[in-house]
Amino acid sequence: MFTSIFGAFESGIIYAIMALGVYLSFRVLDFPDLTVDGSFVTGAAVAAIMIVNGANPFAATMVAMVAGFIAGCLTGVIHTVGKVNALLSGILMMIALYSINLRIMGKSNVPLLNTDTAMTSVRDFFEKTGIDGFFNGMLTAVGLGDSLPRTWGILLFMVFVTFAIKFLTDAFLKTEIGLAIRATGDNKRMIRSFSSNTNLMIILGLGLSNAMVAFSGALIAQQGGFADVGMGIGMIIIGLASVIIGEALFGTKSIARTTFAVIGGSIIYRIVVTLALRVEFLEPGDMKLITAVIVILALTAPKMIESYKEKKRKVKRQLENMQIVAVPSEGKGEAGAALKSDS
């Protein structure tokens, strides 16, 4: 059980980068960008093919991010310059990326099991430092020695990388350009009145969003040991689930809190899916169904809870009003009885 939850936490922190990209497009820019399903694979494909051909894995991951940025910008150009509907422009780019990703990889699947990747480099580094032995010794001391993770290095490294991206995103959204992107998502007409180029803001926002998604895809490919042309199917739903769950549980009072909520939502989503798949009658093929159910619950549960609270508040107000009306009438009755007794 511990190993499963540990693996879910490790995957969740990597997918959180993708969820931050989805948050940037869907929440900040208010753009329903379905490019995510394609750009996630683009990041994995670019990184995998470069690593297989002998490139430095960290450099390959950065190039994958650039590829995702270009894909996002192209979606923005199709929407702004081509005047294509936002939803349709994302769908068109997603379809185009399927063929592009096949071209990049040359086949439907590129294995990375016998190559040096960023994850193997991180794992080797942490094995030399003795951190793995320290944490595993602590687990053994508390009675969890029979379910030790292979390495703690990837988790610790990804926590650092993910939170670095989170803080950079927070800082960027407070800059002049970041505020312009936020304003574009809130009210295009208003930001145009200040002579801001909303088309450029949309293109830049989508580029940054898909750069994060592609970066996450590159890391997932290196963690899993392969890049597959179908690994991005349903990725937009996973990203939305992470955003919705995080916002429902942690709130959205500020940008910093919301980005933290997205990371938390991604981790919780992966843990919930992992625990659900341990149920006997569910199979790995049911993961998409589980995802859909989680998203439905995350969308409807807060509204149902709020509706229930509102009903309780209405009942409470009605009772208070009845008591206010009842008090004067009782007072009048007592005053009338006193007058009759005096007479």
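This is a predicted model: local features need pLDDT of at least 70, side-chain atom pairs count only at pLDDT 80 or more; totals for chains, interfaces and linings use all residues.
Let's go to the overall picture. We've got 13 helices and two strands here. Now, on size: for 343 residues, a compact globule would come out with a radius of gyration near 20 Å, but this protein has 26 Å. If you box up the C-alpha atoms along the principal axes, you get roughly 110 × 65 × 40 Å.

What about the inside and the surface? Of those 343 residues, 44% count as buried. The accessible surface is about 17800 Å², and carbon and sulfur atoms hold 66% of that. And for contacts with a separation of 6 or more, 76% come from residues 24 or more positions apart.

You'll find Ala-180 in helix H8, which runs over residues 176-186. So, is Ala-180 buried or exposed? Ala-180 counts as buried, because its relative accessibility is 12% and the cut-off for buried is under 20%. Who does it touch? Leaving out residues up to four places away in sequence, Ala-180 is in contact with Ile-191, Ser-196 and Met-201.

Last one, a distance. Take Ala-180 and Val-66: in sequence they're 114 residues apart, and in space it's 22 Å from C-alpha to C-alpha.

That's what I've got, thanks.

Key: Residues are numbered from 1 along each chain as its sequence is written. Side-chain values use heavy atoms; hydrogens and water are left out. Helices (H or I, at least four residues) and strands (E, at least two) are DSSP runs, numbered from the N terminus. The radius of gyration is taken over C-alpha atoms; the globule rule is 2.2 Å times the number of residues to the power 0.38. Buried means under 20% relative accessible area, exposed over 50%, partly exposed in between (1.4 Å probe, protein chains only). Contact means heavy atoms within 4.5 Å. Accessible areas come from the Shrake-Rupley method with a 1.4 Å probe; for residues, only the protein chains shown count as cover.
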